[in-house]
Amino acid sequence: MTQEVAIVSGLFNAFLWGSWSVLLKKLDSYPLDAFFLGIYIFAFVFVWLLA
């Protein structure tokens, strides 16, 4: 891994952690289990398409 890729990956990771609290705050009465299930399905399909 090059230095540039490591820096970009670290910044992207920080962005995702920062947006996590915003997403949880916007859920309000939406069930958290359904939110996690949606993320899981999206990630599974995304990785499957990339592979």
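**View 1. D28 occupies the loop between α1 (3-27) and α2 (32-50).** Helices are DSSP runs of H or I with at least four residues, strands are runs of E with at least two, and both are numbered from the N terminus. The model is predicted: local features need pLDDT of at least 70 and side-chain atom pairs pLDDT 80 or more, whereas totals for chains, interfaces and linings use all residues. Residues are numbered from 1 along each chain as its sequence is written, and side-chain values use heavy atoms, with hydrogens and water left out. Most residues other than glycine have a negative phi. D28, although not a glycine, has a positive phi of about 50°. D28 is exposed, with a relative accessible area of 71% (exposed means over 50%, buried under 20%, partly exposed in between; 1.4 Å probe, protein chains only).

**View 2. The protein chain comprises two helices and zero strands.** Its radius of gyration is 14 Å, well over the 10 Å that the globule rule gives for 51 residues, so the chain is more spread out than a compact globule. This radius is taken over C-alpha atoms, and the rule is 2.2 Å times the number of residues to the power 0.38. Along the principal axes, the C-alpha atoms fill a box of roughly 45 × 25 × 10 Å. Of the 51 residues, 4% count as buried.

**View 3. I41 is situated in helix α2.** I41 is partly exposed, with a relative accessible area of 46%.
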